Amino acid sequence: MKPRSLIRPIVRGLHPYVPGEQPKIKGLIKLNTNENPYPPAPGVLAAIKTAVDGRLRLYPSPTAQPLRDRLARLHRCKPENIIIGNGSDELLAMAVRCFVEPVYPRTRRTRTLVQFFHPSYSLYPVLADIHGAARNPVPLRPDFGLPSRGELKRGKQWDFHAALTFVTTPNAPSGRGYSTAQLDELCRAQKGVVVLDEAYVDFAADNALALGLKHPHVLIARTFSKAYSLCFQRIGYFVGHRQLIAALDKMRDSYNVNGLGQVGALATLDGLPYYRANFRKIIATREELSRQLGELGFQIFPSQTNFILASPPKFAASIWLEKLRRRQILVRWFNHPSVRGYLRITIGTPEQTRELVDASRAILREPARRLHVS
């Protein structure tokens, strides 16, 4: 018996999601995975340390009820409008399983369709493929702007009856922000479920949380990872209509959110002024980095996130990736036609920003000879 024959064909052909590198190299400046450069608030660290006691033998709250209660107060809704996940990624996967039918003969295509713009979060097509659903990637405007309802109708590729539509807002990897009015127009036109994925919204000028409480078919995805320095704990949540939340809750793994993560998230909500000050620092650093790289000849897209998308001068983006890596600076490059000419650079501390700019100046002084990239 060949083990390969025991694996579902759909899994054998699957191209998995590829996360950013996580090397453990001393002195590395890591600007490739959009992590927050600042630590959690001191109260968060203290709360987690205090919770490392005899309660580790006990199960945590299965529904993360205390956290749902606190988030409901913060967002002026009811706990029934919120579900907590093992990072927002778990909830995105649950949404596909909950609202989308796998492709079977005689199943209406709209019921099997996972729809999203591209470029955007590269996990979306993977989730569709895992589920055996159809996927419908539709290009953004050349400037990564959101097409209007009229443009989507004229283009004829967009499906207003898709079972599930993902919209990354602000967008990744471009950093482009979208107004609530734009998103509202799109949501009102859609007949299936819409997930507005707001992983980076704390660095933006606008947010669409109200749409998740206004429209019965809209869910807002949020995370404690990017803005709140809790990547390690994996806490995310959806906000939306109670019937959609209740349906998702039926599919939730028992005890899906670990206890220390719940403790950390609750303590985070006690320290919001600390985090809001960090948002302001990151935004200021983002603008300064954009200015300095712009002066060096980089083309920078305006960003509403904790990263920038930059088209570098003189050398191809893939070559810049390697040249920066040799200087122990790690950024992200995507080998996809729509973004192959760009680097995505996470906003670090002001000190890391200076080192990145200094390294860029040094690279620009190098002769423009051909570099082999394996």
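Colleague: Which residue is the bridge partner of Gln115 in S5?
Modeller: Thr165 is the partner of Gln115 there. Keep in mind that this is a predicted model.

Colleague: How many bridges link S3 and S5, and in which sense do they pair?
Modeller: Three bridges, in the parallel sense. Strand S5 covers residues 164–168.

Colleague: And S4? How many bridges join S3 to that strand?
Modeller: Six. S3 and S4 run parallel, and S4 spans residues 134–139.

Colleague: What stands opposite Phe116 in S4?
Modeller: Pro137 does.

Colleague: Which helix does the chain pass through from S3 to S4?
Modeller: Helix H5, residues 123–131.

Colleague: New topic, cysteines. How many disulfides are there?
Modeller: The count is zero. Take Cys98: its nearest cysteine sulfur belongs to Cys187 and lies 18 Å away. A disulfide needs the two sulfurs within 2.5 Å, so Cys98 is in none.

Colleague: Why does Cys98 count as partly exposed?
Modeller: Because its relative accessibility is 23%. Buried would mean under 20%, and exposed over 50%.

Colleague: What about Cys231, what is its relative accessibility?
Modeller: Cys231 comes out at 26%, so Cys231 counts as partly exposed.

Notes. Residues are numbered from 1 along each chain as its sequence is written. This is a predicted model: local features need pLDDT of at least 70, side-chain atom pairs count only at pLDDT 80 or more; totals for chains, interfaces and linings use all residues. Side-chain values use heavy atoms; hydrogens and water are left out. Buried means under 20% relative accessible area, exposed over 50%, partly exposed in between (1.4 Å probe, protein chains only). Two strands pair if DSSP finds at least two bridges between them. Helices (H or I, at least four residues) and strands (E, at least two) are DSSP runs, numbered from the N terminus. A crossover is right-handed if, with the strands pointing away from the viewer, the path from the first strand over the helix to the second runs clockwise.
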